[in-house]
Amino acid sequence: MVGSDPVLIDLKTSSSRRHVPVAGKAAEEIAKQKEIAIRARRDLLWVGPDGGPMRAPTSAGDWWGRAKRSSISSDAGVPSNLKLHDLRHATATRMIRAGVPITAVSRMLGHASPKITLDVYSHYVASDTDTVLAAMLDAEG
């Protein structure tokens, strides 16, 4: 932001650019938004009310607050105090619980090393006692 205006700039480093797999309904929505953006001849998938970049959510009346209060969100049980950053943590936690290697999770999150990811999410890895016991039993033959 420069003052109150969003400014589009290049990423800080080349490692800041990541490829994140998206599937299911999210992939379908992104494909729809891409078609809309192409027809509108714009570079951004989602835009703010003024047609420019969306601004970071700052109040209950912004786009994120309105989305959380929508009937779709309430029907899905989205908590009213959910922060946008919570989605990042939820995704990382789901990947770890699904058995995605910590190195892959770390890359998706853009962490400089898997150690950072483990520092934040190790309690999800360490609590997987059943998986550890199963692996030990499998090793015994």
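Trainee: What share of the 141 residues of the chain counts as buried?

Mentor: This is a predicted model, where local features need pLDDT of at least 70, side-chain atom pairs count only at pLDDT 80 or more, and totals for chains, interfaces and linings use all residues. Residues are numbered from 1 along each chain as its sequence is written, and side-chain values use heavy atoms, with hydrogens and water left out. Buried means under 20% relative accessible area, exposed over 50%, and partly exposed in between, with a 1.4 Å probe and protein chains only. Of the 141 residues, the buried share is 16%.

Trainee: How many helices and strands does the chain have?

Mentor: Helices (H or I, at least four residues) and strands (E, at least two) are DSSP runs, numbered from the N terminus. Along the sequence the pattern reads α-α-α-α-α-α-α. The count is seven helices and zero strands.

Trainee: What radius of gyration does the chain have, against a compact globule of 141 residues?

Mentor: The radius is taken over C-alpha atoms, and the globule rule is 2.2 Å times the number of residues to the power 0.38. The C-alpha atoms fill a box of roughly 65 × 40 × 30 Å along the principal axes. A compact globule would come near 14 Å, but the chain has 19 Å.

Trainee: Is proline 21 buried or exposed?

Mentor: Proline 21 sits in the segment before α1. Proline 21 lies 15 Å from isoleucine 96, C-alpha to C-alpha, though 75 residues separate them in sequence. Its relative accessibility is 64%, so proline 21 counts as exposed.

Trainee: Is serine 106 buried or exposed?

Mentor: Serine 106 is in helix α5, residues 102-109. Its relative accessible area is 2%, so serine 106 is buried.

Trainee: Which residues does serine 106 touch, not counting those up to four places away in sequence?

Mentor: Contact means heavy atoms within 4.5 Å. With sequence neighbours up to four places away set aside, serine 106 touches His111, Ser113, Pro114 and Thr117.
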